[in-house]
Amino acid sequence: MSYWFSDKSPLFGLLAKVAVTHNGRYGNIGLHIEVKVDGYLAINVVVDDFYTLANLGKATDPVVVRYAMVVLDDAMFFFARHFYQTYPDAIRKGELHARVNLTITGKLL
């Protein structure tokens with residue numbers, strides 16, 4: 001199961017906020033993801049419009065949530081691959097903590 005589909009995920013709350021804020025209007029949903037490991041690196045992934053909705057108020061529809069999870073999982077995989085290629089010995093040094101800042105945007109058409 002994806003982290004983004006767990007109880008700890010901010011995904012549903014952020015999508016709901018976009019849905020409430022832009023209720024009844026047409027537009028695109030975008031993602032801004034910053035992944036940071038202190039002492040190593042930070043990567044920003046921006047997807048300005050991963051889904052176009054006929055009504056942004058429907059941002060929490062299962063299809064939209066599924067698309068968002070795919071985009072987020074791809075971004076995390078990209079980060080993990082890049083991180084371990086760049087710092088192959090990092091995991092041997094001990095426990096690492098990654099901070100993820102996730103912003104979901106609603107852009108009106």
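## Basis of the description

A residue is called buried when its relative accessible area is under 20%, exposed when the value is over 50%, and partly exposed in between, using a 1.4 Å probe and protein chains only. The structure is a predicted model, in which local features need pLDDT of at least 70 and side-chain atom pairs count only at pLDDT 80 or more, while totals for chains, interfaces and linings use all residues. Residues are numbered from 1 along each chain as its sequence is written, and side-chain values use heavy atoms, with hydrogens and water left out.

## Overall architecture

The protein chain contains two helices and three strands, and in sequence order these elements follow the pattern α-β-β-α-β. Here helices (H or I, at least four residues) and strands (E, at least two) are DSSP runs, numbered from the N terminus. The C-alpha trace spans about 50 × 25 × 20 Å along its principal axes, and 32% of the 109 residues of the protein chain count as buried.

Contact, here and below, means heavy atoms within 4.5 Å. Among contacts between residues at least 6 apart in sequence, 71% join residues at least 24 apart.

## Packing of the two helices

Helix α1 (residues 11-21) packs with helix α2 (residues 62-86) at an angle of about 125°, their axes being 11 Å apart; axes are lines fitted to C-alpha atoms, for helices over the stretch in contact, and angles run from 0 to 180 degrees between N-to-C directions. The two helices are therefore oblique to each other, given that angles under 35 degrees count as roughly parallel, over 145 as roughly antiparallel, 65 to 115 as roughly perpendicular and the rest as oblique.

On the α1 side the contact is made by L11, F12 and L15, and on the α2 side by V65, A68, M69 and L72. By class, this contact has seven nonpolar, no polar and no charged residues, where Ala, Val, Leu, Ile, Met, Phe, Trp, Tyr, Cys and Pro count as nonpolar, Asp, Glu, Lys and Arg as charged, and the others, Gly among them, as polar.

## Buried positions in strands and a loop

I104 is found in strand β3 (residues 98-108) and counts as buried because its relative accessibility is 8%. Leaving out residues up to four places away in sequence, I104 touches L11, L14, L15, V18, I29, G30 and L31. The C-alpha atoms of I104 and H32 are 6.4 Å apart in space, although the two residues are 72 apart in sequence.

V35, which lies in strand β1, is buried at 2% relative accessibility. Apart from its neighbours within four places in sequence, V35 is in contact with L41, A42, I43, M76, F79, A98, R99 and V100. H22, in the loop between α1 and β1, is also buried, with 14% relative accessibility, and its contacts beyond four places in sequence are L56, G57, G106 and L108.

## The salt bridge

Side chains of opposite charge can pair when their charged atoms come close. A salt bridge is defined as a side-chain nitrogen of Lys or Arg within 4 Å of a carboxyl oxygen of Asp or Glu, and by this rule the count comes to one. The partners are R99 and D38, whose closest N and O atoms are 3.1 Å apart. This pair links distant parts of the chain, with R99 in strand β3 and D38 in the loop between β1 (27-37) and β2 (41-53), 61 residues apart.

R99 is partly exposed because its relative accessible area is 41%, and D38 likewise counts as partly exposed, at 48% relative accessibility.
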